[in-house]
Amino acid sequence: MLLTNISRLVTISSGVVENAALQIESGKIKWLGYASQAPASREIFDCQQTVVTPGLVDCHTHLVHARYRQKEYAMRAEGKNYLEIASAGDGILSTVQSTRAVSFDELYEISAKRLQEALFFGTTAIEIKSGYGLDIDTEIKILQVVQKLQREFPLTIVPTFMGAHTFPEEFKNRRLDYVHLLVMEMLPAVAKLGIIKFCDVFVEEGAFSPEEATQIIEAAKKYKMECKLHVDQLTPGKGAELAVKLKAVSADHLENISEEGIAALKKTNTVAVVLPGASFFLGVKPAPARKMIDAGLKVAISTDYNPGTNPSLNLMLTATQAVSFCKMTCDEVWKGITLHAAEALQLEKEVGSLAVGKNADLILWGAPDENYPIYRYGRKSSRHIFIKGKKC
């Protein structure tokens, strides 16, 4: 199939081609360039002067969970902070309780609706974490939901095990026992599913210490799981430095990253993932993306979709927030929600930019240029979405 009549083809990796065309074969990009040089094709798709970009990559989500937590939003509006809400038994633990209680079928149905919502906004590749079970049975249930989503949806879905999200109530005063459970029982059990690419740990006051995180990640590596970390979110805890030490594929959040942390990340290939939607929702300062980019770091952008601190799957809205709050340019934002996000999932050879041999994951925008969808926030500007060459 040949896509023709493209006003601007935004490749991300090699600039913009005006008056372009793109050829798809077997779900991959076979050719792209000026329309005047396009190869002959029996099947033509007229893009009607749309702007074409890669599909969006949401590299940090907590999509599979039971009920929502709008009560906490009202509590926060009354002055309660994140740690106060969590210490009162709400926060992550309330989602754990509700997720443990629902059946597999119910959990799949509500998660499938969310995934369809992400696709509606242009996401064609997505990471989904566990972490709302915090026991073996529920963590496996969550990851089996992710496994079924992989079978039923065309999106590229990357499963991440995050049993180290927080300490469950039954282990509140037995930290060593829960870490032992994670290392000796949970990791082997979830590894048997054969789908887990990453292990993630929340390193923060009130969550896991650097020493505990190190123990968990070193154990995960024995099961060929790569490292991702939630770090420097609520307090400056030398989390970026820990990510470097553990050779993390990405260090996520980083709202309170230190100068030393930026310098440490600069020496590595670890991708810095910023989550401006969570900062917006919580009313706190965002990660210093401008400073990190100026220092030479690769900065990806993700929704951090979750029921407590950012219940939004609109990655284009997150892009707008990154411009307004994180002082990123529109070009930097486009890389952040495509190529750099793909790198944060080790998917850069498959998705994240338009190049010969990559998946034909495309968005056709009814817009005068690629900046319009970022500028015109709150409006769905896409006309068509293709995943692996098939229109969704």
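The model is predicted, so local features are taken where pLDDT is at least 70 and side-chain atom pairs count only at pLDDT 80 or more, while totals for chains, interfaces and linings use all residues. Residues are numbered from 1 along each chain as its sequence is written, and side-chain values use heavy atoms, with hydrogens and water left out.

On a 1 Å grid over the protein atoms alone, a cavity is a set of points where a 1.4 Å probe fits but cannot get out, whereas a pocket is an open set with protein on both sides within 12 Å along at least five of seven lines; lining residues have an atom within 4 Å of a point. Grid points are joined across faces, edges and corners, and a volume is the space filled by probe spheres set on the points. The largest pocket has a volume of about 520 Å³. Its lining is made of 28 residues, and A86, S87, L93, T166 and G206 lie nearest the centre. Two or more lining residues come from each of the elements α1 (70–77), α2 (82–87) and α3 (92–101), where helices (H or I, at least four residues) and strands (E, at least two) are DSSP runs numbered from the N terminus. Of the elements, α2 gives the most to this lining, with 5 residues. By class, the lining of the largest pocket has 12 nonpolar, 7 polar and 9 charged residues. Here Ala, Val, Leu, Ile, Met, Phe, Trp, Tyr, Cys and Pro count as nonpolar, Asp, Glu, Lys and Arg as charged, and the others, Gly among them, as polar.

The whole structure holds 2 cavities of 30 Å³ or more, and the second largest cavity has a volume of about 40 Å³. The residues lining the second largest cavity are P54, G55, V57, T124, V351, G352, S353, N359 and D361. They divide into 3 nonpolar, 5 polar and 1 charged.

In soluble globular proteins, nonpolar side chains tend to be buried together. A nonpolar core is a set of buried Ala, Val, Leu, Ile, Met, Phe, Trp, Tyr and Cys residues joined through side-chain atoms within 4.5 Å; buried means under 20% relative accessible area, exposed over 50%, and partly exposed in between (1.4 Å probe, protein chains only). The largest such core has 98 residues, and L149, F208, L229, L254 and M292 have the most contacts inside it. Helix α6 (residues 175–191) provides the largest share of this core, 8 residues. Contact means heavy atoms within 4.5 Å. Neighbours within four places in sequence aside, M292 is in contact with L254, I257, I262, A272, V274, A287, L297 and V299.

Which residues of helix α9 are buried? In α9 (residues 259–266), they are G261, I262, A264 and L265. These residues lie on the same side of α9 because they cover an arc of only 160° around the axis, the arc being that of the directions from the helix axis to the C-beta atoms. The cover over the buried residues of α9 includes α8 (239–245) and α11 (289–294). On the face turned away from the buried side, α9 carries the exposed residues E260 and K266.

Several loop residues complete the picture. L155 sits in the loop between α5 (136–152) and β7 (156–164) and is buried, with a relative accessible area of 4%. Beyond its neighbours within four places in sequence, L155 is in contact with L115, L119, T123, T124, A125, I126 and I387. N306, in the loop between β12 (299–301) and α12 (315–326), is likewise buried, at 5% relative accessible area.

Most residues other than glycine have a negative phi, and most peptide bonds are trans. K224, by contrast, has a positive phi near 65°; it is found in the loop between α7 (210–221) and β9 (226–231) and is exposed at 73% relative accessibility. K247 also has a positive phi, of about 55°. The place of K247 is the loop between α8 and β10 (250–253), where K247 is exposed with a relative accessible area of 67%.
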